[in-house]
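Subject: Structure for your review

Dear colleague,

Please find below the structure that I am handing over to you.

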Amino acid sequence: MTQKEAFSRSGAAEARARLNALLADPDTYASRSIQVRSELRLRKEMTLAEFVAVWVATERDLGDIAPQTLNEYERIANKDVLSGPFGIGQLRLKEVTVQVVSELITAILHGTETQRGRPSVAKQARVVLSNTFNLAVQRGLVSISPVRDATTVTIRTKRPRAITDDQASELRRAVFNWAKTPYASDNPYADAQLLPLLIDTVIATTARPGEVLGLRWAEDVHLDGPVPTVNINGTIIFLKGGSAVEGQMSTVRQSRTKTGDEAVEEGRDLVIPERLAVALRARRAQNLPGPFVFGHKHGHPLAQTSMRILWRAAIAGTAVEGMTPRTARKLGATRIAHERGVDAAAEQMGNTREIAQKHYVERRRLHDNSDILGALIGEILEPEELALQQLWIGKLADLRDAAETFGIEQLYLAGVPERQKDDRSPLVLEVDRQLDEFTVSQITAAALAIFGAPASVGVNPSPTGVPIVNPWA
């Protein structure tokens with residue numbers, strides 16, 4: 001029997017059914033026959049691989065985990081937890097200890113000489129094991145979960161960086177040029193003009209690529225009213241059991257978005273730019289097969305994996321190679337957040353404020369609140385005092401530049417805030433090391449030229465004057 005057959009849905013369902021029947025009535029457990037108790041001991045001998053199959057089947061029946069998420073958990077379990085170079089699927093449940101789990105998670109997290117570390121996979125593998133052993137504890141097969149005290153995985157999220165306007169133009173240019181190539185016309189997935197318009201739609205709506213792929217002409221796109229809009233209420237997913245063939249993976253439209261907080265009938269209504277509406281009207285006039293705006297050339301939903309294949313082919317060898325559809329989404333999110341606030345960006349994207357800030361909105365590098373903060377200075381300083389301060393700051397900057405020319409890292413000036421505009425009294429300059437006569441004469445000459453006053457330079461290992469920077473800061 002192959003591994004795939006061993007983990008088949010039918011086998012998992014049978015194991016789960018036997019286990020549920022065995023543990024259905026815990027109140028009468030003490031009175032069960034020796035034969036039943038022997039069966040329970042046998043169930044406790046289940047391997048981790050067998051019980052992961054039970055957990056997956058149980059979750060499919062409950063429906064608490066999104067189908068595509070559970071598919072991913074099952075894939076990671078079979079590939080990285082149960083088998084593979086670090087696999088522990090052959091161990092019995094009672095043999096899986098805190099140390100075993102920690103070693104597995106650490107191996108996936110940091111990798112080996114032949115395999116790089118995969119933090120996100122390590123985190124998901126830990127989730128799979130945690131949920132599996134929680135169920136095992138509930139069913140009385142183990143007394144405590146070994147995952148509880150095992151190694152944890154913390155993934156540091158990078159600060160979001162949106163592409164620049166120039167990069168957006170380069171991205172669009174690369175894709176539009178690619179659409180004219182023979183491969184774009186002959187590719188097995190979609191018509192040549194799908195990708196350029198899809199990218200423009202992602203940028204102009206900030207919707208997720210899967211949500212854009214899920215747009216339907218009749219139900220979701222409204223181009224003929226006074227204001228063109230699209231309604232985001234679903235997404236394209238890759239689902240196990242979505243086809244007529246049991247257990248087969250297929251591409252289907254899910255009638256809710258990733259966040260799942262919109263009712264199917266409502267979704268998010270987004271006003272789109274007129275230039276995008278014009279392009280969508282032209283695409284609609286082509287009468288392409290199927291109900292989807294960005295569907296497969298044969299009319300059914302276009303898988304996100306197929307869209308990414310076209311995306312990578314279009315930008316290969318260009319200045320924007322390596323960018324993802326998510327990167328393009330950040331551009332619109334950042335622009336909205338900077339112009340109208342993070343809340344407006346989050347509502348447009350269908351995210352919470354926290355998710356928008358953490359993953360999509362690039363922080364401003366230049367913060368200009370000078371009009372607000374400048375008023376505070378104005379309330380403290382009279383205009384004449386402010387002008388005098390700016391005069392001295394300029395002179396100090398000139399003297400600092402002169403000092404650095406002669407290799408003086410720090411030069412101190414006593415009594416700066418008390419000096420008046422036309423003060424010609426001698427300046428007292430302090431340094432923390434001995435200078436040669438040439439340097440001293442050059443600095444005193446510079447001070448005389450800048451301030452119109454004589455100066456003396458003295459060595460003071462612990463200078464008491466003000467550094468030659470803004471003394472009012």
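The notes below go from the whole chain to a helix pair, a sheet and a single residue.

This is a predicted model, in which local features need pLDDT of at least 70 and side-chain atom pairs count only at pLDDT 80 or more, while totals for chains, interfaces and linings use all residues. Residues are numbered from 1 along each chain as its sequence is written, and side-chain values use heavy atoms, with hydrogens and water left out.

The whole chain

The chain holds 20 helices and 9 strands; helices (H or I, at least four residues) and strands (E, at least two) are DSSP runs, numbered from the N terminus. Of its 473 residues, 42% count as buried, that is, under 20% relative accessible area, with exposed meaning over 50% and partly exposed in between (1.4 Å probe, protein chains only). Among contacts (heavy atoms within 4.5 Å) with a separation of 6 or more, 66% come from residues 24 or more positions apart.

Helices α15 and α16

The axes of α15 (residues 325-340) and α16 (residues 342-349) come within 7 Å and cross at roughly 145 degrees. Such axes are lines fitted to C-alpha atoms, for helices over the stretch in contact, and angles run from 0 to 180 degrees between N-to-C directions. On the α15 side the contact is made by Arg329, Ala333, Ile336, Ala337 and Arg340, and on the α16 side by Val342, Ala344, Ala345, Gln348 and Met349. The buried residues of α15 include Arg329, Ala333 and Ala337.

The 16 residues of α15 should span 22 Å at 1.5 Å a residue, and its end C-alpha atoms are 23 Å apart, which agrees; the expected span is 1.5 Å times one less than the number of residues. After α15 comes Gly341, whose phi is positive, near 100 degrees.

A three-stranded sheet

An open sheet of 3 strands runs in the order β1-β2-β5 with antiparallel pairing. Strands β1 (221-222) and β5 (268-271) stand at the edges with a single partner strand each, so one side of each is left without a neighbour in the sheet. Strand β1 pairs with β2 (residues 229-232) over 2 bridges, where pairing requires that DSSP finds at least two bridges. His222 stands opposite Thr229 in β2.

Val127

Val127 lies in helix α7 (residues 119-138) and counts as partly exposed because its relative accessibility is 27%. Val127 and Ala77 are 50 residues apart in sequence and 9.9 Å apart in space, C-alpha to C-alpha.

With kind regards
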